Each structure stands twice: as structure tokens, then as C-alpha cells.
Amino acid sequence: MLDVITVSTDGSCLRNPGGAIGWAWANHDGTHDSGGHASGTNQIAELMAVLEAVRAHPGDEPLTIQADSQYAIKCSSEWIHGWRRKGWRTASGGPVQNLELIRSIDTAISSRPGGVTFVWVRGHRGDEFNERADELAGIAARAVRDGVAPVFAAAQPVPVLAQVPAGLDDDPDVLF
């Protein structure tokens with residue numbers, strides 16, 4: 001039997017909408033990643049965290065994503081099925097918001113051999129890994145806002161991202 005990989009995700013938007021955003025995932029084994037974009041929304045940041053967590057864990061092991069965003073969870077695990085059936089339209093016939101990100105999440109989950117499940121956790125309530133993902137997402141957003149993190153174009157159809165340079169995510173004093 002394969003071990004389950006558990007990852008917590010979070011997004012940060014410094015001024016919603018339009019401010020710098022950061023996303024992060026924190027694997028419960030201690031590994032993590034984060035990045036950001038110069039402008040976005042809290043919903044984009046949350047979806048980016050989910051997408052990057054799935055991409056970073058491509059194997060056969062079952063993946064559990066813990067998130068404090070019910071929006072990101074429902075987009076990725078519930079609403080997505082109906083949107084796909086309806087040609088990526090909402091129940092009222094309108095366009096799906098953040099469609100490219102949601103389609104990228106759909107592709108990442110569908111192409112992953114191991115299953116993906118989602119668990120909602122209440123944010124800012126002391127959950128060690130949710131707090132770590134929140135911290136990393138905030139650091140990434142501030143790094144982008146302050147011009148500390150380089151911006152690069154992603155290889156897949158998602159917003160432009162910026163990686164937090166190695167070491168900065170471990171020392172918040174570097175950015176303040």
C-alpha cells in the first residue's frame with residue numbers, strides 16, 4: 001500500500017483585487033514551495049497553490065490537499081465536473097472565472113496516476129502546516145511587491161509567477 005502524501009496550501013493577496021499575490025504549499029514532510037505574481041486576487045492565489053501542489057507531487061501515491069479556501073477546494077473537486085460537462089460554463093450559462101487556472105488544475109489532477117482528495121481546514125487556527133503555507137504565501141507576495149523576487153513566465157497557461165529566491169522563504173526578516 002502506498003503512503004498518502006499530505007500537503008497544505010494557501011494563497012495571499014496583499015490588496016484584493018489587484019495587489020501582489022503569493023501562493024505556497026507545505027508538504028507535511030517539511031518540503032515546500034512558493035511563488036507569486038505582481039497582481040491578482042485571493043482566489044487566483046489559492047488556486048495557484050493547489051495547482052503547484054499537484055504539479056509538485058506527480059507520482060502514484062494518493063495526495064491529500066488541505067486548504068482553508070472552500071472556493072479552491074470546490075473549484076478543484078466539485079464544481080469542475082459540471083463546468084467541464086457544460087463546456088466550461090456556469091449553471092447560469094456565464095463564463096467560469098479563473099478558467100485557465102481551473103483547466104490547468106483539471107489537467108494536473110487528471111494526468112496524475114495517484115488520486116487527489118481535498119480536506120478543508122479552518123485557517124488561522126493553529127494548524128501547523130496551514131500556518132506554514134500561509135506564512136510562505138505572504139512572504140512570496142511581499143517579495144514580489146517589493147521587487148525582491150524575479151518574475152518569470154510559466155511554461156504552462158497560468159499567470160506570470162515569481163519564485164521566492166532560495167533562503168528568503170526561511171528568513172522573513174530579510175524582507176521587512
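**Exercise 1.** Determine how helix H1 and helix H3 are oriented relative to each other in this predicted model, and characterise their contact.

*Solution.* Step 1. Two packed helices are described by the angle between their axes and the distance between the axes. Step 2. For H1 (residues 42-56) and H3 (residues 99-111), the axes come within 9 Å and cross at roughly 20°. Step 3. Angles under 35 degrees count as roughly parallel; H1 and H3 are therefore roughly parallel to each other. Step 4. The crossing of these two helices is left-handed. Step 5. H1 contributes Ile-44, Leu-47, Met-48, Val-50, Leu-51, Val-54 and Arg-55 to the contact, and H3 contributes Leu-101, Ile-102, Ser-104, Ile-105, Ala-108 and Ile-109. Step 6. Sorted by class, the residues of this contact comprise 11 nonpolar, one polar and one charged.

**Exercise 2.** Classify the orientation of H2 relative to H3, and list the residues that meet.

*Solution.* Step 1. The axes of H2 (residues 70-85) and H3 come within 10 Å and cross at roughly 85°. Step 2. An angle of 65 to 115 degrees counts as roughly perpendicular, so H2 is roughly perpendicular to H3. Step 3. On the H2 side, Tyr-71, Cys-75, Ser-76, Ile-80, Trp-83 and Arg-84 take part; they meet Ile-102, Ile-105, Asp-106 and Ile-109 of H3. Step 4. The contact of H2 with H3 has seven nonpolar, one polar and two charged residues.

**Exercise 3.** Locate the cis peptide bond and the residues that have a positive phi although they are not glycines.

*Solution.* Step 1. The cis peptide bond joins Asn-16 and Pro-17, with omega about -5°. Step 2. Pro-17 lies in the loop between strand E1 (5-13) and strand E2 (21-27). Step 3. Trp-88, not a glycine, has a positive phi of about 65°, and Asn-98, likewise not a glycine, has a positive phi of about 60°. Step 4. Step 5. With 11% relative accessibility, Trp-88 counts as buried.

Terms used. Residues are numbered from 1 along each chain as its sequence is written. This is a predicted model: local features need pLDDT of at least 70, side-chain atom pairs count only at pLDDT 80 or more; totals for chains, interfaces and linings use all residues. Side-chain values use heavy atoms; hydrogens and water are left out. Axes are lines fitted to C-alpha atoms, for helices over the stretch in contact, and angles run from 0 to 180 degrees between N-to-C directions. Helices (H or I, at least four residues) and strands (E, at least two) are DSSP runs, numbered from the N terminus. Angles under 35 degrees count as roughly parallel, over 145 as roughly antiparallel, 65 to 115 as roughly perpendicular and the rest as oblique. A crossing is left-handed if the near helix is turned anticlockwise from the far one by less than a right angle, and right-handed if clockwise. Contact means heavy atoms within 4.5 Å. Ala, Val, Leu, Ile, Met, Phe, Trp, Tyr, Cys and Pro count as nonpolar, Asp, Glu, Lys and Arg as charged, and the others, Gly among them, as polar. Buried means under 20% relative accessible area, exposed over 50%, partly exposed in between (1.4 Å probe, protein chains only).
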